[in-house]
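Here's a quick briefing to read with the model open beside you.

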Amino acid sequence: MSDPVRIAVTGAAGQIGYALLFRIASGAMLGNDQDIELKLLEISPAMDALRGVVMEVEDCAFPLVKKVITTDQPEVAFEGVDIAMLVGSRPRGPGMERNDLLAANGAIFTAQGKALNDQAAKHVKVLVVGNPANTNCLIAQHNAPDLDPANFTAMTKLDHNRAVAQLSHKVQAAVGDIEGLAIWGNHSSTMFPDLLGATINSKPALDAVSQAWYEEDYIPSIQQRGAAIIQARGSSSAASAANAAVEHVREWVSGSERVTSMGVFSKGEYDTTDGLIFSYPVTVSNGVHKVVENRELNAFAQAKIKATEAELIEERDTVAHLL
Ligand code: NAX
(Lines give C-alpha, C1' and ligand atoms only; values in the text may rest on other atoms or scores of the structure.)
Protein backbone atom coordinates (compact mmCIF):
# COMPACT_ATOMS: atom_id res chain seq x y z
CA MET A 1 0.00 0.00 0.00
CA SER A 2 1.25 3.48 -0.84
CA ASP A 3 0.61 6.54 1.34
CA PRO A 4 -3.05 7.54 1.63
CA VAL A 5 -4.33 9.93 -1.01
CA ARG A 6 -5.99 12.94 0.60
CA ILE A 7 -9.35 13.74 -0.92
CA ALA A 8 -11.43 16.80 -0.04
CA VAL A 9 -15.16 16.72 -0.75
CA THR A 10 -17.23 19.86 -0.26
CA GLY A 11 -20.98 19.80 0.27
CA ALA A 12 -20.38 16.35 1.73
CA ALA A 13 -23.73 16.24 3.56
CA GLY A 14 -25.70 17.01 0.40
CA GLN A 15 -27.42 14.48 -1.81
CA ILE A 16 -24.52 14.03 -4.26
CA GLY A 17 -22.16 13.81 -1.27
CA TYR A 18 -24.29 11.02 0.15
CA ALA A 19 -23.93 9.00 -3.06
CA LEU A 20 -20.30 9.97 -3.63
CA LEU A 21 -18.50 9.30 -0.36
CA PHE A 22 -19.33 5.61 -0.26
CA ARG A 23 -18.16 5.06 -3.84
CA ILE A 24 -14.86 6.79 -3.12
CA ALA A 25 -14.43 4.93 0.16
CA SER A 26 -15.10 1.55 -1.46
CA GLY A 27 -12.22 2.03 -3.90
CA ALA A 28 -14.31 2.74 -7.00
CA MET A 29 -12.41 5.94 -7.73
CA LEU A 30 -8.75 5.20 -6.99
CA GLY A 31 -8.72 1.42 -6.87
CA ASN A 32 -8.90 -1.33 -4.30
CA ASP A 33 -5.29 -0.98 -3.25
CA GLN A 34 -5.16 2.75 -2.58
CA ASP A 35 -5.63 4.00 0.98
CA ILE A 36 -7.44 7.29 1.35
CA GLU A 37 -8.10 10.10 3.79
CA LEU A 38 -11.38 11.97 3.47
CA LYS A 39 -11.53 15.66 4.33
CA LEU A 40 -15.14 16.76 4.32
CA LEU A 41 -16.26 20.37 4.14
CA GLU A 42 -19.73 21.66 4.94
CA ILE A 43 -21.29 24.91 6.08
CA SER A 44 -21.80 25.22 9.85
CA PRO A 45 -25.58 24.49 9.86
CA ALA A 46 -24.96 21.18 8.07
CA MET A 47 -22.26 19.88 10.42
CA ASP A 48 -24.71 17.71 12.37
CA ALA A 49 -25.99 16.10 9.19
CA LEU A 50 -22.39 15.56 8.11
CA ARG A 51 -21.64 13.86 11.43
CA GLY A 52 -24.43 11.40 10.65
CA VAL A 53 -23.00 10.67 7.19
CA VAL A 54 -19.57 10.05 8.71
CA MET A 55 -21.12 7.64 11.22
CA GLU A 56 -22.47 5.72 8.24
CA VAL A 57 -19.08 5.74 6.52
CA GLU A 58 -17.59 4.35 9.75
CA ASP A 59 -20.29 1.70 9.88
CA CYS A 60 -19.14 0.37 6.52
CA ALA A 61 -15.71 -0.46 7.99
CA PHE A 62 -14.08 0.35 4.65
CA PRO A 63 -10.54 -1.06 4.77
CA LEU A 64 -9.15 1.73 2.56
CA VAL A 65 -10.35 4.64 4.71
CA LYS A 66 -7.55 5.62 7.07
CA LYS A 67 -8.97 8.89 8.37
CA VAL A 68 -12.03 11.10 8.02
CA ILE A 69 -12.08 14.70 9.13
CA THR A 70 -15.01 17.11 9.02
CA THR A 71 -14.80 20.87 9.07
CA ASP A 72 -16.56 24.08 8.11
CA GLN A 73 -13.24 25.78 7.27
CA PRO A 74 -11.94 25.48 3.68
CA GLU A 75 -8.34 26.02 4.88
CA VAL A 76 -8.63 22.91 7.07
CA ALA A 77 -10.41 20.83 4.44
CA PHE A 78 -7.85 21.57 1.72
CA GLU A 79 -4.67 21.21 3.76
CA GLY A 80 -2.31 18.95 1.81
CA VAL A 81 -5.04 17.52 -0.43
CA ASP A 82 -4.19 15.65 -3.64
CA ILE A 83 -7.74 15.73 -4.98
CA ALA A 84 -10.48 18.28 -4.29
CA MET A 85 -14.05 17.57 -5.36
CA LEU A 86 -16.01 20.80 -5.05
CA VAL A 87 -19.61 19.65 -4.94
CA GLY A 88 -21.18 22.07 -2.47
CA SER A 89 -22.67 25.25 -3.80
CA ARG A 90 -25.56 27.58 -3.21
CA PRO A 91 -28.71 26.25 -4.89
CA ARG A 92 -30.96 28.57 -6.85
CA GLY A 93 -33.64 29.85 -4.45
CA PRO A 94 -37.12 31.14 -5.29
CA GLY A 95 -36.98 34.26 -7.43
CA MET A 96 -33.21 34.00 -7.84
CA GLU A 97 -31.92 34.93 -11.29
CA ARG A 98 -28.89 33.28 -12.87
CA ASN A 99 -26.84 36.39 -12.06
CA ASP A 100 -27.83 36.16 -8.35
CA LEU A 101 -26.75 32.54 -8.40
CA LEU A 102 -23.41 33.45 -9.98
CA ALA A 103 -22.85 36.12 -7.34
CA ALA A 104 -23.75 33.86 -4.38
CA ASN A 105 -21.46 31.13 -5.64
CA GLY A 106 -18.78 33.63 -6.56
CA ALA A 107 -18.14 34.28 -2.88
CA ILE A 108 -17.90 30.54 -2.11
CA PHE A 109 -15.53 29.72 -4.94
CA THR A 110 -13.35 32.77 -4.33
CA ALA A 111 -12.76 31.63 -0.75
CA GLN A 112 -12.25 28.01 -1.79
CA GLY A 113 -9.85 28.98 -4.59
CA LYS A 114 -7.73 30.96 -2.13
CA ALA A 115 -7.75 28.13 0.37
CA LEU A 116 -6.70 25.64 -2.32
CA ASN A 117 -3.91 27.97 -3.37
CA ASP A 118 -2.57 28.26 0.17
CA GLN A 119 -3.21 24.77 1.50
CA ALA A 120 -3.47 22.10 -1.19
CA ALA A 121 -0.62 20.08 -2.68
CA LYS A 122 0.74 21.85 -5.77
CA HIS A 123 -0.29 18.87 -7.90
CA VAL A 124 -3.89 18.94 -6.60
CA LYS A 125 -6.53 17.83 -9.07
CA VAL A 126 -9.65 19.96 -8.66
CA LEU A 127 -13.05 18.90 -9.96
CA VAL A 128 -15.92 21.39 -9.71
CA VAL A 129 -19.39 19.83 -9.71
CA GLY A 130 -21.38 22.59 -7.99
CA ASN A 131 -23.31 24.75 -10.43
CA PRO A 132 -22.77 26.87 -12.39
CA ALA A 133 -19.83 24.47 -12.59
CA ASN A 134 -17.71 26.01 -15.38
CA THR A 135 -17.81 29.52 -14.01
CA ASN A 136 -17.42 28.43 -10.37
CA CYS A 137 -14.33 26.57 -11.54
CA LEU A 138 -13.05 29.66 -13.34
CA ILE A 139 -13.45 31.73 -10.16
CA ALA A 140 -11.63 29.15 -8.04
CA GLN A 141 -8.85 28.91 -10.63
CA HIS A 142 -8.35 32.69 -10.75
CA ASN A 143 -8.10 32.79 -6.98
CA ALA A 144 -5.36 30.18 -6.98
CA PRO A 145 -2.59 31.90 -8.94
CA ASP A 146 0.13 29.58 -7.61
CA LEU A 147 -1.55 26.49 -9.06
CA ASP A 148 -1.39 25.38 -12.68
CA PRO A 149 -4.70 26.30 -14.43
CA ALA A 150 -4.71 22.77 -15.86
CA ASN A 151 -5.33 21.52 -12.29
CA PHE A 152 -8.87 22.95 -12.47
CA THR A 153 -11.67 21.09 -14.22
CA ALA A 154 -15.46 21.24 -14.30
CA MET A 155 -17.71 18.22 -14.65
CA THR A 156 -19.42 17.46 -17.95
CA LYS A 157 -18.96 13.70 -17.55
CA LEU A 158 -22.59 13.29 -16.52
CA ASP A 159 -23.68 14.96 -19.76
CA HIS A 160 -21.20 12.74 -21.62
CA ASN A 161 -22.61 9.59 -20.02
CA ARG A 162 -26.16 10.70 -20.73
CA ALA A 163 -25.24 11.26 -24.38
CA VAL A 164 -23.60 7.81 -24.67
CA ALA A 165 -26.54 6.09 -22.97
CA GLN A 166 -29.20 7.74 -25.12
CA LEU A 167 -27.34 6.96 -28.33
CA SER A 168 -26.82 3.38 -27.22
CA HIS A 169 -30.54 3.08 -26.50
CA LYS A 170 -31.53 4.57 -29.85
CA VAL A 171 -29.33 2.37 -32.04
CA GLN A 172 -29.40 -0.70 -29.76
CA ALA A 173 -25.62 -0.78 -29.49
CA ALA A 174 -23.59 -1.58 -26.41
CA VAL A 175 -22.30 1.42 -24.50
CA GLY A 176 -18.77 0.11 -24.97
CA ASP A 177 -19.15 0.12 -28.76
CA ILE A 178 -19.60 3.91 -28.80
CA GLU A 179 -16.45 5.97 -29.02
CA GLY A 180 -15.42 9.54 -29.72
CA LEU A 181 -18.59 11.25 -28.52
CA ALA A 182 -17.99 14.58 -26.77
CA ILE A 183 -19.69 17.41 -24.92
CA TRP A 184 -18.57 20.93 -25.82
CA GLY A 185 -18.89 24.10 -23.80
CA ASN A 186 -20.90 24.86 -20.71
CA HIS A 187 -22.59 22.43 -18.31
CA SER A 188 -25.96 24.05 -19.00
CA SER A 189 -28.74 23.83 -21.52
CA THR A 190 -26.42 25.30 -24.18
CA MET A 191 -23.98 22.38 -24.03
CA PHE A 192 -23.34 20.70 -27.37
CA PRO A 193 -23.36 16.88 -27.47
CA ASP A 194 -21.33 16.20 -30.62
CA LEU A 195 -21.79 13.02 -32.64
CA LEU A 196 -19.76 14.12 -35.66
CA GLY A 197 -16.58 12.55 -34.32
CA ALA A 198 -18.38 9.60 -32.72
CA THR A 199 -18.39 6.03 -33.94
CA ILE A 200 -20.45 2.94 -33.20
CA ASN A 201 -18.42 -0.20 -33.74
CA SER A 202 -15.95 1.97 -35.68
CA LYS A 203 -18.62 3.25 -38.10
CA PRO A 204 -19.74 6.91 -38.08
CA ALA A 205 -22.49 7.40 -35.50
CA LEU A 206 -24.28 9.92 -37.69
CA ASP A 207 -24.78 7.23 -40.37
CA ALA A 208 -26.88 5.27 -37.88
CA VAL A 209 -29.36 8.03 -37.03
CA SER A 210 -31.19 10.73 -38.97
CA GLN A 211 -30.01 14.33 -38.84
CA ALA A 212 -33.54 15.31 -37.79
CA TRP A 213 -33.44 12.98 -34.76
CA TYR A 214 -29.96 14.23 -33.89
CA GLU A 215 -30.91 17.91 -34.02
CA GLU A 216 -34.50 17.86 -32.83
CA ASP A 217 -34.66 14.99 -30.31
CA TYR A 218 -31.23 13.95 -29.19
CA ILE A 219 -29.48 17.26 -28.56
CA PRO A 220 -32.42 18.87 -26.68
CA SER A 221 -33.00 15.74 -24.63
CA ILE A 222 -29.37 15.68 -23.41
CA GLN A 223 -29.51 19.43 -22.75
CA GLN A 224 -32.75 19.06 -20.75
CA ARG A 225 -32.04 15.73 -19.05
CA GLY A 226 -31.30 17.33 -15.68
CA ALA A 227 -34.66 19.11 -15.72
CA ALA A 228 -36.45 15.89 -16.75
CA ILE A 229 -34.96 14.08 -13.76
CA ILE A 230 -36.04 16.84 -11.38
CA GLN A 231 -39.54 16.63 -12.80
CA ALA A 232 -39.73 12.85 -12.43
CA ARG A 233 -37.87 12.37 -9.15
CA GLY A 234 -38.70 15.59 -7.37
CA SER A 235 -35.01 16.31 -6.82
CA SER A 236 -31.97 16.65 -9.00
CA SER A 237 -29.66 13.87 -10.21
CA ALA A 238 -27.52 12.59 -7.39
CA ALA A 239 -26.34 8.99 -7.88
CA SER A 240 -25.59 9.52 -11.57
CA ALA A 241 -23.80 12.79 -10.76
CA ALA A 242 -21.73 11.05 -8.08
CA ASN A 243 -20.93 8.25 -10.53
CA ALA A 244 -19.79 10.79 -13.13
CA ALA A 245 -17.58 12.53 -10.55
CA VAL A 246 -15.97 9.19 -9.64
CA GLU A 247 -15.33 8.43 -13.31
CA HIS A 248 -14.00 11.93 -14.03
CA VAL A 249 -11.38 11.64 -11.29
CA ARG A 250 -10.61 7.99 -12.04
CA GLU A 251 -9.89 8.79 -15.68
CA TRP A 252 -7.86 11.86 -14.75
CA VAL A 253 -5.70 9.84 -12.35
CA SER A 254 -5.52 6.53 -14.19
CA GLY A 255 -5.75 7.69 -17.80
CA SER A 256 -8.22 7.33 -20.63
CA GLU A 257 -7.29 6.56 -24.20
CA ARG A 258 -10.95 6.74 -25.08
CA VAL A 259 -12.28 10.22 -25.69
CA THR A 260 -14.10 11.66 -22.69
CA SER A 261 -15.44 15.13 -21.88
CA MET A 262 -14.07 17.56 -19.30
CA GLY A 263 -14.39 21.26 -18.70
CA VAL A 264 -10.77 22.43 -18.81
CA PHE A 265 -8.93 25.76 -18.94
CA SER A 266 -9.15 26.80 -22.55
CA LYS A 267 -6.06 27.75 -24.51
CA GLY A 268 -8.20 28.80 -27.49
CA GLU A 269 -8.51 25.32 -29.00
CA TYR A 270 -10.85 25.13 -31.99
CA ASP A 271 -11.06 28.95 -32.11
CA THR A 272 -12.76 29.18 -28.73
CA THR A 273 -11.93 32.07 -26.42
CA ASP A 274 -8.98 31.31 -24.22
CA GLY A 275 -9.20 31.49 -20.45
CA LEU A 276 -12.67 29.97 -20.14
CA ILE A 277 -13.41 26.65 -18.46
CA PHE A 278 -14.71 24.93 -21.58
CA SER A 279 -15.73 21.33 -22.12
CA TYR A 280 -13.86 19.63 -24.96
CA PRO A 281 -13.20 16.10 -26.13
CA VAL A 282 -10.14 15.05 -24.11
CA THR A 283 -7.94 12.06 -23.55
CA VAL A 284 -5.79 11.56 -20.47
CA SER A 285 -2.41 10.03 -19.97
CA ASN A 286 -0.02 10.11 -17.00
CA GLY A 287 -2.46 12.27 -15.06
CA VAL A 288 -2.53 14.97 -17.76
CA HIS A 289 -5.63 15.77 -19.81
CA LYS A 290 -5.23 16.82 -23.40
CA VAL A 291 -7.79 18.28 -25.81
CA VAL A 292 -8.23 16.00 -28.83
CA GLU A 293 -6.77 17.69 -31.91
CA ASN A 294 -7.93 17.91 -35.52
CA ARG A 295 -11.50 16.94 -34.88
CA GLU A 296 -13.82 17.59 -37.78
CA LEU A 297 -16.39 20.32 -37.15
CA ASN A 298 -19.04 21.27 -39.71
CA ALA A 299 -20.99 24.54 -39.79
CA PHE A 300 -23.74 23.08 -37.57
CA ALA A 301 -21.24 22.03 -34.88
CA GLN A 302 -19.39 25.34 -35.08
CA ALA A 303 -22.61 27.30 -34.55
CA LYS A 304 -23.51 25.17 -31.52
CA ILE A 305 -20.03 25.65 -30.07
CA LYS A 306 -20.26 29.42 -30.59
CA ALA A 307 -23.62 29.51 -28.79
CA THR A 308 -22.34 27.73 -25.68
CA GLU A 309 -19.14 29.80 -25.79
CA ALA A 310 -21.22 33.01 -25.85
CA GLU A 311 -23.00 31.91 -22.68
CA LEU A 312 -19.69 31.18 -20.94
CA ILE A 313 -18.34 34.59 -21.95
CA GLU A 314 -21.45 36.23 -20.54
CA GLU A 315 -21.05 34.30 -17.26
CA ARG A 316 -17.38 35.26 -17.11
CA ASP A 317 -18.24 38.93 -17.66
CA THR A 318 -20.83 38.79 -14.87
CA VAL A 319 -18.18 37.66 -12.38
CA ALA A 320 -15.35 39.76 -13.86
CA HIS A 321 -14.84 41.55 -10.52
CA LEU A 322 -13.91 38.20 -8.92
CA LEU A 323 -11.29 37.28 -11.50
P1 NAX B 1 -27.51 19.60 -2.13
O2 NAX B 1 -28.19 20.91 -1.93
O3 NAX B 1 -28.19 18.34 -1.75
O4 NAX B 1 -26.11 19.62 -1.38
C5 NAX B 1 -25.23 20.68 -1.45
C6 NAX B 1 -24.48 20.72 -0.15
O7 NAX B 1 -23.50 21.74 -0.26
C8 NAX B 1 -25.36 21.07 1.05
O9 NAX B 1 -25.20 20.07 2.06
C10 NAX B 1 -24.83 22.43 1.50
O11 NAX B 1 -24.88 22.59 2.91
C12 NAX B 1 -23.41 22.37 0.99
N13 NAX B 1 -22.77 23.66 0.83
C14 NAX B 1 -23.33 24.83 0.43
N15 NAX B 1 -22.42 25.82 0.45
C16 NAX B 1 -21.26 25.26 0.85
C17 NAX B 1 -19.98 25.77 1.10
N18 NAX B 1 -19.70 27.07 0.95
N19 NAX B 1 -19.01 24.92 1.51
C20 NAX B 1 -19.28 23.62 1.71
N21 NAX B 1 -20.50 23.08 1.51
C22 NAX B 1 -21.47 23.88 1.09
O23 NAX B 1 -27.09 19.59 -3.67
P24 NAX B 1 -26.61 18.35 -4.53
O25 NAX B 1 -27.79 17.72 -5.16
O26 NAX B 1 -25.68 17.52 -3.74
O27 NAX B 1 -25.85 19.11 -5.72
C28 NAX B 1 -24.64 19.80 -5.48
C29 NAX B 1 -24.30 20.67 -6.67
O30 NAX B 1 -24.06 19.87 -7.82
C31 NAX B 1 -25.42 21.63 -7.07
O32 NAX B 1 -24.84 22.89 -7.37
C33 NAX B 1 -25.96 21.01 -8.34
O34 NAX B 1 -26.58 21.97 -9.17
C35 NAX B 1 -24.70 20.46 -8.94
N36 NAX B 1 -24.83 19.45 -9.99
C37 NAX B 1 -23.90 19.46 -10.98
C38 NAX B 1 -23.89 18.52 -11.97
C39 NAX B 1 -22.86 18.52 -13.04
O40 NAX B 1 -22.99 17.69 -13.95
N41 NAX B 1 -21.84 19.36 -13.03
C42 NAX B 1 -24.95 17.48 -12.06
C43 NAX B 1 -25.66 17.25 -10.76
C44 NAX B 1 -25.92 18.49 -9.96
O45 NAX B 1 -27.06 19.13 -10.48
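Helices (H or I, at least four residues) and strands (E, at least two) are DSSP runs, numbered from the N terminus. With that in hand, Ala61 sits in the loop between H2 and strand E3 (65-71). Keep in mind that this is a predicted model. The chain splits into domain 1 (2-154) and domain 2 (157-322).

- Ala61 isn't a glycine, yet it has a positive phi of about 50°. With a relative accessibility of 61%, Ala61 counts as exposed, because the cut-off for exposed is over 50%.
- Tyr270 is another non-glycine with a positive phi, this time about 55°. Look for Tyr270 in the loop between strand E12 (256-265) and strand E13 (277-285). Tyr270 comes out as partly exposed, at 23% relative accessibility.
- There's a cis peptide bond between Asn131 and Pro132, with omega at about -5°. Pro132 belongs to the loop that runs between strand E5 (125-128) and helix H5 (133-142).

**How the domains meet**

- The C-alpha centres of domain 1 and domain 2 are 23 Å apart.
- Across the boundary, 34 residues of domain 1 make contact with 38 residues of domain 2.

**Nonpolar cores**

- The largest nonpolar core has 35 residues, and Ile7, Val9, Leu20, Ile24, Met29 and Met85 have the most contacts inside it.
- Elements giving two or more residues to this core include strand E1 (5-10), helix H1 (15-26), strand E2 (36-41) and helix H2 (47-59), along with strand E4 (83-86) and helix H9 (239-254).
- This core takes at least three residues from each of domain 1 (2-154) and domain 2 (157-322).
- Leaving out residues up to four places away in sequence, Val9 touches Leu20, Leu21, Ile24, Lys39, Leu40, Leu41, Met85 and Val87.
- Another core, of 34 residues, lies apart from the largest one; Val164, Ala182, Phe192 and Ile222 are among its members.
- As a general point, nonpolar side chains tend to be buried together in soluble globular proteins.

**Thr10 in strand E1**

- Thr10 is found in strand E1. With a relative accessible area of 1%, Thr10 is buried, because anything under 20% counts that way.
- A polar atom of the Thr10 side chain lies 2.9 Å from the backbone nitrogen of Val87.
- Setting aside residues up to four places away in sequence, Thr10 touches Leu41, Phe78, Met85, Leu86, Val87, Gly88 and Gln112.

**Around the ligand**

- There are 23 residues around the ligand, and Gln15, Ile16, Glu42, Ser89 and Asn131 come nearest.
- Asn131, which is joined to Pro132 by the cis bond, has a side-chain N or O atom 2.8 Å from an oxygen atom of the ligand.
- A backbone N or O atom of Gly11 is 3.3 Å from a ligand nitrogen.
- Val129 has a polar backbone atom 3.2 Å from a nitrogen atom of the ligand.

**Cysteines**

- The disulfide count comes to 0.
- Cys60 is partly exposed, at a relative accessible area of 37%, whereas Cys137 is buried at 0%.

Technical notes. Residues are numbered from 1 along each chain as its sequence is written. This is a predicted model: local features need pLDDT of at least 70, side-chain atom pairs count only at pLDDT 80 or more; totals for chains, interfaces and linings use all residues. Side-chain values use heavy atoms; hydrogens and water are left out. A nonpolar core is a set of buried Ala, Val, Leu, Ile, Met, Phe, Trp, Tyr and Cys residues joined through side-chain atoms within 4.5 Å. Buried means under 20% relative accessible area, exposed over 50%, partly exposed in between (1.4 Å probe, protein chains only). Domain bounds come from an automatic or database domain assignment. Contact means heavy atoms within 4.5 Å. A disulfide is a pair of cysteine sulfur atoms within 2.5 Å. A residue is near a molecule or strand if one of its heavy atoms lies within 4 Å of it. A polar contact is a pair of N or O atoms within 3.5 Å; within protein, one must be able to donate a hydrogen and the other to accept it, and residues adjacent in sequence count only if both atoms are side-chain atoms.
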